[in-house]
Number of protein chains: 2
Amino acid sequence: MRRPTLEAVAARAGVSRATASRVVNNQTTVAPHIRDAVQRAIDELGYIPNSAARSLVTQRTDSIALVVSEPGTRVFSEDPMFSTAIRSASYELEAVNKQVVLMLASSPKSHARVERYISGGHVDGVMLISMHGADPLPAALSRLRVPVVSYGRPAVPVDIPFVDNDNVGGAEAGVRHLVESGRRRIATIAGPQDMIAGQDRLTGYRNVLRDSDRRSIVAVGDFTRESGAIAMRQLLGDDPALDAVFVGNDLMAVGALQALRQAGRRVPDDVAVVGFDDIEAAKYTEPPLTTLRHPIAEQAAAMVRLLLGLFEGGSREPVILPTELVVRESA
Amino acid sequence: MRRPTLEAVAARAGVSRATASRVVNNQTTVAPHIRDAVQRAIDELGYIPNSAARSLVTQRTDSIALVVSEPGTRVFSEDPMFSTAIRSASYELEAVNKQVVLMLASSPKSHARVERYISGGHVDGVMLISMHGADPLPAALSRLRVPVVSYGRPAVPVDIPFVDNDNVGGAEAGVRHLVESGRRRIATIAGPQDMIAGQDRLTGYRNVLRDSDRRSIVAVGDFTRESGAIAMRQLLGDDPALDAVFVGNDLMAVGALQALRQAGRRVPDDVAVVGFDDIEAAKYTEPPLTTLRHPIAEQAAAMVRLLLGLFEGGSREPVILPTELVVRESA
DNA sequence: ATCTGGCGAGAGAGCGCTCTCTCACATCCC
DNA sequence: GGGATGTGAGAGAGCGCTCTCTCGCCAGAT
């Protein structure tokens, strides 16, 4: 007992397969009474088109690969940014009836797998999330003749349209907030320097410090809580008198807050802390975290629009979304 | 300029399409020198099989739907349990060369979509994550003739093999820890009662309290941080003298800790707190959270094994994984 | 030398669908 | 009334692959 085919529908409705196909695909050149008859046959048989057969002839698959190129540290499963982005992208794609094929690329082996899969024409387009500098995937994918968009500016110079938030501007706003509240020795815990978000936020920090004639004090983490704690301890060792720290993301800020607590520093009295991302957890730290919010869901939606636009030869222009300073108690 | 077909490979190697197909599918009945010739042709042309054509004839798709049936509250993007589970499941599936089709089912509309898609034969099997009691999806999917496994015991009585952790046993261990450390008035913040994890952890709590002759004090949350904070405030109102609280998951425990702090209670001196899940954030709360760890990655792997087994008519026996008490400073 | 087996390779059908091409028939204008 | 135009439906090819069936060929047995 296999699933009904278009042939069966056509037979039941007393029309040809071609006509049944026209009804299924909502083509207009079908007389109303015939359309009704076919529709009835479809309902009665519970007909569902076979997508394999369809893509075989149309050369479309109606599915999009969501490639998460994970750096060594397992940011993906821990950083809510990723799941939120995936969730939003998935939601937007479902709205336009595209399937989402999730591919996690971590090892070189899986990179090869992804590349093979993509170039195998199994998907109509690719959304690439979070790649680090050494990632060969953006370059590899941009060579294929599959439309690709990136969540965040690619870390390597490669011609892929992307949607990003204003990392530099956001960091500047965050650091400026610290300057304006009278902090003198403002350190930073930068994100990984092979990621654009890491680089750009550090750039923003440096821009403001330069303009306000302060010395920069930098430690580098990898966007995990643990690296935030380690970097904070290092900063306290380097400059025990620091009175503020701008942290590259909220996750590291959580680690930094813990390190400050363990070092006996009060926040914000002794040290002010500003994070970046405004993840949900930022409301629940002790004290609640001042941070920079950017619209992840909107970013994902914009990325989907960009990709869908590409299918019709639309704009390849990058989209940059603004950030917003959310002042809580930590700074 | 389209992609090379098997026909092209066969022509280049000077063999028939059938033989080329045998080489591609690693069949043994091919003479070594012919195999080599075909392989060379494949490499030279960069041939990649067209999966649509293949599934059309084999009736297999080599892809698995990962259906995340989301309750109203957007646990998915916030609860690291989900992303970890998805990550692990995806990883395991890639290892056996299955594609992962991610489907987020939140609205009734998307439920219908998922059901249509699954019954359309687009996937070989389904992995269902996190459904709540009112979820019609498990029942609907179990009716289709597609193998389905569930991450966590389904909340409705339905014949779907599943992998779960020992929620009752874990909760008992957590509450027993509180009893043994001399706590007298032990409250609980239970998870949503339309989720098995919510129910079972409450059951474990009740079991121990009954045996140790204590009164149960219950508030209910929905597994989000915010609900944890609200529930904690409610508990403090109900019984200001409580000296311990067992929280249904770590996320709610984070909220509870904040509420306790705001109410001026010291943890663990005044109130001991035990969570459940051992998410990464549990190490970074103030104070670090005592909680119950369960192996999410293993659970996902076991689920994949279960599903793959089903394809070969293997066991439908549920798998229950143990939990482990992780003692930190909160209790 | 003939027959039987077995094994490696090819021929060809067909998976379920779309889409072009063709055709029948109705409509319209001169 | 006859040709031009339009419109709705069917015929049939073919997307790229797998897989059964068949056949040719060689080794070994008779």
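User: Which of the 27 residues around DNA strand D come nearest?

Analyst: In this predicted model, they are Thr19(A), Ala31(A), Thr5(B), Leu6(B) and Ala53(B). A residue counts as near when its C-beta atom lies within 6 Å of the strand.

User: Which elements give two or more residues to that surface?

Analyst: From chain A, α2 (17–24) and α4 (51–58) do. From chain B, α1 (6–13), α2 (17–24) and α4 (51–58) do. The most comes from α4(B), with five residues.

User: What makes up the surface near DNA strand D by class?

Analyst: There are 14 nonpolar, eight polar and five charged residues.

User: What span does helix α13 of chain B reach, and what is expected?

Analyst: Helix α13(B) covers residues 296–311, which is 16 residues. Its first and last C-alpha atoms are 23 Å apart. The expected value is 22 Å at 1.5 Å a residue, so the span is close to it.

User: Why are residues such as Ile296(B) and Leu307(B) called buried?

Analyst: Buried means 20 or more other C-beta atoms within 10 Å of a residue's own.

User: Which residues have the most contacts inside the largest nonpolar core?

Analyst: Leu66(A) and Leu66(B), in a core of 178 residues.

Definitions and conventions. Residues numbered from 1 in each chain as written. Chains lettered and ligands numbered in written order. Predicted model: local features only at pLDDT ≥ 70, side-chain atom pairs only at ≥ 80, totals over all residues. Helix = DSSP H or I, 4+ residues; strand = E, 2+ residues; numbered from the N terminus. Nonpolar A, V, L, I, M, F, W, Y, C, P; charged D, E, K, R; others polar. Core = buried A, V, L, I, M, F, W, Y, C linked by C-beta atoms within 7 Å. Buried ≥ 20, exposed ≤ 12 C-beta atoms within 10 Å, placed from the backbone.
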